[in-house]
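Subject: Structure handover

Hi,

Here is the structure for you to look over. My notes on what turned up follow below it.

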Amino acid sequence: MLFRSTKFFDKASKEGTTTLKLQLASEPDKLDPALNSSVDGAILAAASFGGLYTYNEAGELAPNFATGYEMSEDGLSYVFTMREGLKWSNGDPITAKDFEYSWKRAVAAETAADYSYMFDSIKGYPDALDVSASEDGTTFTVNLKAPVAYFLDLAAFPTFFAVHQPTVENAAGFKDEAGAVVNPGAWALEAGFVSSGAFTLAEWKHEESMVYVKNPNYWDAENVKLERLELMLSAD
């Protein structure tokens, strides 16, 4: 059985089976990649969402939703080129605009993300984060305050994963009657939400079990070895 260095499940395999069964941990606190700050939550975020970069089987950085990037000579500007044909689990296209929305959402005061400080190296943090998508959504530009040698590692970290804006903002309980955000993670409290990674959350029996199934819309689905993840939840 093989696990990648960031606890991804998509390359895990065992001869003769396409289902992985394991006891993960207790009930996950949050599944929203921006709001999660726990190890078990990061494992689940990595299973169902993705970033511009990821890690391969050797633990090396590799392109994921981006195919590559260009960096300015001074190391202050990155321009990522998005992979063509990316789709959310519901079939909507994934573009650079989703990353612009998600990164700005992650640093917004109303989101109150534990790891929002990880964006501090980007110019304009937090109120005017200097990230932008091209008009056609094919490139994503990031401008830094100073060179950051580990920036691609940040681009592979769950807090930097993209989320589906309509799913987030149309969730019941997201805003109160006055229009103020009261529960930014309301969209990811039950199974069935839109995601982008190798698996989607199909079943969630709280305090008991979770079932993830292979996402046919994932860009690298042909190389995902498993069809199903069955996770038992136990605080004992």
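How many salt bridges does the structure hold? It holds seven, a salt bridge being a side-chain nitrogen of Lys or Arg within 4 Å of a carboxyl oxygen of Asp or Glu.

This is a predicted model: local features need pLDDT of at least 70, side-chain atom pairs count only at pLDDT 80 or more, and totals for chains, interfaces and linings use all residues. Residues are numbered from 1 along each chain as its sequence is written, and side-chain values use heavy atoms, with hydrogens and water left out.

- Lys21 pairs with Glu230, closest N and O atoms 3.8 Å apart. Lys21 sits in strand E1 and Glu230 in strand E10, 209 residues apart. (Strands are DSSP E runs of at least two residues, helices H or I runs of at least four, numbered from the N terminus.) Lys21 is exposed at 61% relative accessible area; Glu230 is buried at 17%. (Buried is under 20%, exposed over 50%, partly exposed in between; 1.4 Å probe, protein chains only.) Lys21, Arg228 and Glu230 form a salt-bridge network.
- Asp32 meets Arg105 at 2.5 Å, N to O. Asp32 is in the loop between E1 and H1 and Arg105 in helix H2 (residues 96-107), so the pair ties together parts 73 residues apart in sequence. Both residues are buried.
- Glu227 pairs with Lys214, closest N and O atoms 3.9 Å apart. Glu227 is partly exposed, at 41%.

Now helix H1 (residues 39-48). Eight of its ten residues are buried, among them Ile43 and Leu44.

Best wishes
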